Amino acid sequence: MNATHEVYISVDIETSGPIPGEYSMLTIGACNVYEPSHVFVCELKPISDNADPEALAVTGLSLEKLTVDGVSPEAAMKQFQDWIELVTGPSNLPVFVGLNAPFDWSFVNYYFHRYLGTNPFGFSALDIKALYMGATGTRWRDTRSSKMATRLHPKLKSDHQALHDAQYQAELFRLIRVIDH
């Protein structure tokens, strides 16, 4: 792909546990980093009954409710892929941006490959924690979002709703990009 420009897409998910395949991705929230009103949000049907009670408590999500009201994983990933193509355009490169991107990307990658056979983000993701560490010279243990917020003063807050968190992450990313050091 000869992309003319990169489109940064902030992605946040909520899950029923720590690893894809055994546990389910329950929600996806995404936004264009530089146009955060361009959003995608979806609740998915669980792929298994496995759940870490702490993970569900943090999100307030219910496997039983999502089994009834959620979108099938295949339909959800197709909708997400279509949205990515819409906001990216035909000749631009979508870049997955996440706060602790390895976790979120692992689920998104697994679901894209399992249900659609391909991942529009490719095989990599841009991690906000690592970006912050590099931009500020801080230690890894100081890359929590609460530590970033103390320094960067974002207007938004994290609340474990995937879309809100994607928009919060996008704001942190933009603030990090303008750090003058």
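Glu 14 is located in strand 1, where helices (H or I, at least four residues) and strands (E, at least two) are DSSP runs numbered from the N terminus. The model is a predicted one, in which local features need pLDDT of at least 70, side-chain atom pairs count only at pLDDT 80 or more, and totals for chains, interfaces and linings use all residues. Residues are numbered from 1 along each chain as its sequence is written, and side-chain values use heavy atoms, with hydrogens and water left out.

Is Glu 14 buried or exposed? Glu 14 is buried and yet has no salt bridge. Buried here means under 20% relative accessible area, exposed over 50%, and partly exposed in between (1.4 Å probe, protein chains only). A salt bridge is a side-chain nitrogen of Lys or Arg within 4 Å of a carboxyl oxygen of Asp or Glu. For Glu 14, the nearest side chain of opposite charge is that of Lys 129, 15 Å away; in this count Lys and Arg are positive and Asp and Glu negative, while His and the chain ends are not counted.

Leaving aside residues up to four places away in sequence, Glu 14 touches a set of residues that includes Met 25, Leu 26, Thr 59, Leu 61, His 160 and Asp 165. Contact is defined as heavy atoms within 4.5 Å. Strand 1 is largely enclosed by the rest of the structure, because 9 of its 10 residues are buried.

Two strands pair if DSSP finds at least two bridges between them.

Strand 1 (residues 6-15) pairs with strand 2 (residues 25-32) in the antiparallel sense over 7 bridges. Within this pairing, Ile 13 has Ile 28 as its bridge partner in strand 2, and Ile 9 has Asn 32. Strand 1 and strand 4 run parallel and are joined by 5 bridges; Val 7 stands opposite Pro 94 in strand 4.

Strand 2 is mostly covered, with 8 of its 8 residues buried. Strand 2 also pairs with strand 3, again in the antiparallel sense, over 6 bridges. A hairpin connects strand 2 to strand 3 through 2 residues, and the bridge partner of Asn 32 in strand 3 is Glu 35.

## Helices on the sheet

Axes are lines fitted to C-alpha atoms, for helices over the stretch in contact, and angles run from 0 to 180 degrees between N-to-C directions.

At what angle do helix 3 and helix 4 cross? The axes of helix 3 and helix 4 (residues 101-116) cross at roughly 110° and come within 9 Å. The two helices are therefore roughly perpendicular to each other, a class that covers 65 to 115 degrees; angles under 35 count as roughly parallel, over 145 as roughly antiparallel and the rest as oblique. Helix 3 contributes Pro 73, Glu 74, Met 77, Lys 78, Phe 80, Gln 81 and Ile 84 to the contact, and helix 4 contributes Val 108, Tyr 111, Phe 112, Tyr 115 and Leu 116.

## Salt bridges

The structure holds 4 salt bridges, among them those in the table.

| Salt bridge | N to O distance |
|---|---|
| Lys 65 and Asp 69 | 3.1 Å |
| Asp 142 and Arg 139 | 3.6 Å |
| Asp 142 and Lys 147 | 3.9 Å |

Lys 65 and Asp 69 are separated by about one helical turn, because they are 4 residues apart in helix 2 (residues 63-69). Lys 65 is partly exposed at a relative accessible area of 48%, and Asp 69 is partly exposed at 47%.

Asp 142 counts as buried, at 17% relative accessibility. Its partners are Arg 139, partly exposed with a relative accessible area of 47%, and Lys 147, partly exposed at 37%. Salt bridges with shared partners join Arg 139, Asp 142 and Lys 147 into one network.
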